[in-house]
Amino acid sequence: MSEQPVRQLGHAIHAEFTKITTTRLWWMLALIMIVYVALVAGGLTAILASVGGSRGPQITDAQRAPLIYSFGSSIGYVFPVLLGALVTTSEFRHKTLTPTFLAMPRRGRILVAKLVALTVFGGLFGVLAMASSIGAGSGVMALFSQDARLTDPAIWALAGRAVLAMALWCSVGVGLGVLIPSQVAAIVIVLAFTQFVEPILRFASGLTDVTAQIGQYLPGSASDALVGSSFYSLTAPTVVGLDWWQGALVLLAYAVAASFLGFFTSWRRDVT
């Protein structure tokens, strides 16, 4: 009897992977992300190497490589969030949840399966994003005879944490999609918050010690703390931050909270 729920969950996870891979959404988002991250990482590397420290920000040799490589997560994170939100909200939009719930009435298992499948895809996006940022960044550094630090274990530890961050961001997107089933609303919220609202909040949080303590729990701040480096640290070097594992727990808490609230609201409603 105890094996039955596990078997059902396994079937549900397999079904979720099938749903994702039979659409073009995931690889189209991944392709756009790869190009975008490569352009930013490679372009900024070239700019910093060209202007030097006299006219640009003061960046040491030890800071350069982690900063450039972290663009994979610091600007690429919006893509796994969108993937998680779009895959989830499309189920409401196209009513594909109806046959899924009929086949497996345990809606909680279906939500867990979706979180598992899309977290794996978030990790895949993390691998692709870091390959893009490291590939473009190290290639441009080589052109300017700069040390890309590809043999430094700390660089690969950063890359691993960035993959984890991207996986967690995708689960946050799933939670958002469950909580806000309207696809248009979810897209607007993701883009508005990640591109406008949170950057302003992070800047404002650094104005006082009290707000700085609060600002470190913003999702973007937690993600940067998890990865260990970001371009934002240059613009606000004195802002306090969490340890990497604390950043991971904060991102996980956002995903769990959104999924939990969504489960008891829209996920349990009649979708027929």
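Let's start at aspartate 224, which sits in helix α11, residues 219-227; helices here are DSSP runs of H or I with at least four residues, numbered from the N terminus. This is a predicted model, in which local features need pLDDT of at least 70, side-chain atom pairs count only at pLDDT 80 or more, and totals for chains, interfaces and linings use all residues. Residues are numbered from 1 along each chain as its sequence is written, and side-chain values use heavy atoms, with hydrogens and water left out.

Is aspartate 224 buried or exposed? Its relative accessibility is 12%, so aspartate 224 counts as buried; buried means under 20% relative accessible area, exposed over 50%, and partly exposed in between, using a 1.4 Å probe and protein chains only. The side chain of aspartate 224 makes a polar contact of 2.8 Å with the side chain of arginine 202. A polar contact is a pair of N or O atoms within 3.5 Å; within protein, one must be able to donate a hydrogen and the other to accept it, and residues adjacent in sequence count only if both atoms are side-chain atoms. Leaving aside residues up to four places away in sequence, aspartate 224 touches Ser74, Arg202, Ser229, Ser230 and Tyr232, where contact means heavy atoms within 4.5 Å.

Next comes a pocket. The second largest pocket is lined by 20 residues, and Ser74, Ile75, Tyr77, Thr194 and Pro199 lie nearest its centre. Two or more lining residues come from each of α2 (25-55), α4 (71-74), α9 (183-205) and α11. Helix α9 gives the largest share of this lining, five residues. A pocket is an open set of points on a 1 Å grid over the protein atoms alone, where a 1.4 Å probe fits, with protein on both sides within 12 Å along at least five of seven lines; lining residues have an atom within 4 Å of a point.

Now to the aromatic rings, which form eight pairs in the structure. Rings of Phe, Tyr and Trp (its six-membered ring) pair if their centres lie within 6.5 Å; planes under 30 degrees apart count as stacked, over 60 as edge-to-face and the rest as tilted. Phenylalanine 17 and phenylalanine 121 make a tilted pair, 5.9 Å centre to centre with 35° between the planes. Because phenylalanine 17 lies in helix α1 (residues 3-21) and phenylalanine 121 in helix α7 (residues 107-143), the pair ties together parts that are 104 residues apart in sequence. Phenylalanine 17 is partly exposed at 26% relative accessibility, while phenylalanine 121 is buried at 6%. Ring pairs also link Phe17, Trp26 and Phe121 into a cluster.

Leucine 29 belongs to helix α2 and is buried, with a relative accessible area of 10%. Its C-alpha is 9.1 Å from that of phenylalanine 125, although leucine 29 and phenylalanine 125 are 96 residues apart in sequence. Beyond residues up to four places away in sequence, leucine 29 touches Phe79, Leu82, Leu83, Leu86 and Phe125.

Finally, have a look at two loop residues. Most residues other than glycine have a negative phi. Lysine 95, in the loop between α5 and α6 (97-103), has a positive phi of about 60° although it is not a glycine. Lysine 95 is partly exposed, at 46% relative accessibility. Serine 145, in the loop between α7 and α8 (153-179), has a positive phi of about 55° and is exposed, with a relative accessible area of 69%.
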